[in-house]
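Hi,

Here is the structure I promised to pass on to you. Have a look at it first, and then read on for what turned up in it.

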Amino acid sequence: MEATGTDEVDKLKTKFMSAWNNMKYSWVLKTKTYFSRNSPVLLLGKCYHFKYEDENKVLPSKSACTIEDRIIAGNVEEFRKDFISRIWLTYREEFPQIEGSSLTTDCGWGCTLRTGQMLLAQGLILHFLGRAWTWPDALNIENSESESWTSHTVKKITSSFETSLSGEREPETPTISLKETIEKCPNDQEMQNEIFHRKIISWFGDSPLAVFGLHQLIEYGKKSGKSAGDWYGPGVVAHILRKAVEEARHPDLQGITIYVAQDCTVYNSDVIDKQSASMTSDNADDKAVIILVPVRLGGERTNTDYLEFVKGVLSLEYCVGIIGGKPKQSYYFAGFQDDSLIYMDPHYCQSFVDVSIKDFPLETFHCPSPKKMSFRKMDPSCTIGFYCRNVKDFERASEEITKMLKISSKEKYPLFTFVNGHSRDFDITSTTTNEEDLFLEDEKKRLKKVSTEEFVLL
């Protein structure tokens, strides 16, 4: 009888926390984001200029849209469709309990894992669908005007308390079905793209079986002393993602790998070795690689001299985004306009979606509205990601990225470098190359200094 009472208290506590999370984390999308028509907008290597609505009109050569001047005279709707098509992964609640804990939500502590997932998801989109792909239903999802999101939040809070009395689950919102989406696909290629779109999202589902889901990422973090509810830094998440991709056994994921830079250095021969690991008599193709580079853009605060560097990175076609944020909050940076960064925010609590269902809803995995933040507010600790389809692509990318680093760097030395040879040729200590050690040495030292006052934990 006593145990039953305890269970009821726990259930009520869970419902209360669910309602509180909805109230606290559902306001992040309520405000409108304003863009200037007089400045170009960069989104993961693509450039849009809203001043020129005619998509066939060529921009002036002095537009300075990107370092490489890869200009797209796109209109507002094209930018929105491109942005919304990126995969958005946020706080979730009421998912299966994380092993070794009583947690069924990551609200308050899982934001960096979520931004890491978003970066990896963009890498997989490039790998399977290409940068030109956009979701056919991107412009059909609900727009995040302040009234609609606020009213939705109030309804959800009320519903959460009401269902706590009956024990019933909230009804699902109307969804865009797979059948409806496929019917809109004019050819087999677009139909195949939509199947892969759903498959990629399913790999990030919040269940123990999802290869890149929160449950799996936490398991890989445990090997270095991290557990559910802990705070994860951008450098730590980079190594967790590397381990997750290496351990993935899905047949479709055998053609991609992850390399994490050591001490801000990418060793070209080490990257090529990882890409060539699968080359056998049966499989002569080299692997695609996602290169993750943990960097620090200053001391306690971000050095504004690095603004051009960040812009340069987000202007490259190889870029898959930045795991960063501002102090106490992690964001996924995907673009910029002027001196403001464009990002997707994981701090929005949504209900668990069972991605094992054939026709699971897609709307909550796509952000309806971009957000902007001044570069000056950016936390100096971040991880930059690049995608290269094969060895030849990597060699070309390393040259272009090196060129960008030289152009954008005001310092004598760039933030990171590409070096010919293996790390072992430069007498790199084993502590930074140990496969079981997910943390870089500097990340360990920094984490020891972290006090409970620096981060908000629930």
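The largest nonpolar core of this predicted model has 70 residues, and those that touch the most other members are Leu113, Leu120, Leu124, Ile200, Phe204 and Phe212. Helix α3 (residues 111-128) contributes the most to this core, with nine residues. As background, nonpolar side chains tend to be buried together in soluble globular proteins.

If you set aside its neighbours within four places in sequence, Leu113 is in contact with Leu214, Leu217, Ile218, Tyr232, Val237 and Ile240. Another core, of 42 residues, lies apart from the largest one, and its members include Tyr259, Leu316, Tyr343 and Leu405.

Next, helix α9 (residues 268-275). Its buried residues are Asn268, Asp270, Val271 and Gln275. Why are these four on the same side of α9? Because they cover an arc of only 165° around the axis. Among the elements that cover the buried residues of α9 are the strands β4 (256-260), β5 (265-267), β6 (288-296), β12 (381-388) and β13 (417-419), along with helix α11 (391-408).

Finally, a pair of strands. β9 (residues 340-344) and β11 run antiparallel and are joined by four bridges. Opposite Ser340 you will find Ser374 of β11. Strand β11 (residues 371-374) also shows two faces: Lys371 and Met373 are on the covered one, while Lys372 and Ser374 are on the uncovered one. Side chains in a regular strand alternate between the two faces of the sheet.

Enjoy exploring!

Best wishes

Conventions:
Residues numbered from 1 in each chain as written. Predicted model: local features only at pLDDT ≥ 70, side-chain atom pairs only at ≥ 80, totals over all residues. Heavy atoms only, no water. Buried < 20%, exposed > 50% of the residue type's maximum accessible area, 1.4 Å probe, protein only. Arc of directions from axis to C-beta. Contact = heavy atoms within 4.5 Å. Pairing = 2+ DSSP bridges. Core = buried A, V, L, I, M, F, W, Y, C linked by side-chain atoms within 4.5 Å.
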